[in-house]
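Subject: Structure for you to look at

Hello,

Here is the structure I said I would pass on. My notes on it follow below.

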Amino acid sequence: MKRSFYAGLLGLALFEALKVYFIMPMPGSQGINSLGFAYFLHTYRWVFRAAFILAIAAGCRAVFKGGWKWLPGLAAAAALAVVWLFNFQITADRMFLQPSKLTLAPRSGNSVGEASIVIGIERGGEAKAYPIRFLVYHHQVQDTIGGTPVIVTYCSVCRTGRVFEPTVGGKLETFRLVGMDHFNAMFEDASTHSWWRQATGEAVAGPRKGLSLPEVDASQVTLGEWFRLHPGSLVMQPDEPSRENYDTYGRFERGLSTGELTRTDRSSWLDKSWVVGIQVGLSSKAYDWRRLRAQRIINDRVGDVPVVLALSADQKSFAAFERPDDGWVFALQGDVLSANGRSFDLSGRDLAAPDRRLKSVNGHQEFWQSWRTFHPDTLQDI
């Protein structure tokens, strides 16, 4: 029976460690296809725990009957320490907390530097901006814009910013950060405990596997550029309890982070090199950020769709649009796109007729490793 006690303690400790190992960025964990196994362990965690606790209980009397009572006590304490560590310390939603209160302010009351990069959304006549330096800690912010609920997400390990409508089957859903798979954040919905991939908005495990959240058009620009295009916008302000966890100096957004997971490669087409990925229908293409900075404008096609990708004079803000046809070859002067006698700002508005706009295309600045992982058939703009 003594073996039952120690086997139960060892099994419980190993189980709690493995349950977290497969969904957190630990050595070797993100390079293997273990998502199904990780979800199995998570789903049946109380079954495993009950089995190990029963084994411990079955041998408890035998181990504490002898004269070496300190040994089983020490073993139990060690196992409990592992359980506590992997359930209350090394878990995604305890390491990266949601804002205690979402506060947004107009330009007149804004405390965020205008050189900061934001994820901006315009919908229903309303505009809001969410600084990346806050999002990389929170990973998600749930809000409403233009009467539509949105979830603004960011994964610093992939450098992926995505905005979705958090609705499934017409019903509003809430999510928590549960971990990471292939270096991309995963969220768990509250209703079915399915897991959703941040880079694609797709449920990848659980009862809702195969479903996708509707993606919302968003821009990645400096706050100053966003205010120039949307002077009445509101801006997310720092959450006071989280302030000490923020990237206050914006090192990540400028590519200066030195962490192994969040660093930036300086050459093109390496794992941590920056690209702008564009997907139109079933076709996708990745554009080297270094080339975009040198040229500032790229007229191209993604699949059968003519597109234009433009970089603002601030060298940080970018936008992508569908070109009406191949005859529209855009030039960029300052921050004005021009073709066929018409001019547009970087929100796509026709400067002579603001009600007329270019059709936006979601372009995402992210690490090349991430884009090719989740868009394996993508083409490289070389």
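**The largest pocket**

A pocket here is an open set of points on a 1 Å grid over the protein atoms alone, where a 1.4 Å probe fits and protein lies on both sides within 12 Å along at least five of seven lines; lining residues have an atom within 4 Å of a point. The model is predicted, so to speak for local features pLDDT must be at least 70 and for side-chain atom pairs 80 or more, while totals for chains, interfaces and linings use all residues. Residues are numbered from 1 along each chain as its sequence is written, and side-chain values use heavy atoms, without hydrogens or water.The volume of this pocket is about 450 Å³ (the space filled by probe spheres set on the points, which are joined across faces, edges and corners). Its lining divides into twelve nonpolar, nine polar and four charged residues (Ala, Val, Leu, Ile, Met, Phe, Trp, Tyr, Cys and Pro count as nonpolar, Asp, Glu, Lys and Arg as charged, the others, Gly among them, as polar). Strand 19 (318-322) is one of the elements that give two or more residues to the lining, with strand 2, strand 13 (219-222) and helix 7; the largest share, four residues, is from strand 19. Helices (H or I, at least four residues) and strands (E, at least two) are DSSP runs numbered from the N terminus.

**Strand 2 and its partners**

Five of the seven residues of strand 2 are buried, so the rest of the structure largely encloses it (buried means under 20% relative accessible area, exposed over 50%, partly exposed in between, with a 1.4 Å probe and protein chains only). Strand 2 pairs with strand 13 in the antiparallel sense over four bridges (pairing needs at least two DSSP bridges), and Val 118 has Val 221 as its bridge partner in strand 13. Strand 3 also runs antiparallel to strand 2, joined to it by six bridges; Ile 119 has Tyr 130 as its partner there. These two strands form a hairpin with two residues between them, and Gly 124 in the turn has a positive phi of about 55°.

**The nonpolar cores**

The largest nonpolar core has 28 residues, with Ile 121 and Val 152 making the most contacts inside it (a core is a set of buried Ala, Val, Leu, Ile, Met, Phe, Trp, Tyr and Cys residues joined through side-chain atoms within 4.5 Å). Helix 6 gives the most to this core, five residues. Beyond its neighbours within four places in sequence, Val 152 is in contact (heavy atoms within 4.5 Å) with residues including Ile 119, Ile 121 and Tyr 130. A second, separate core of 20 residues includes Cys 155, Cys 158, Phe 187 and Trp 196.

Regards
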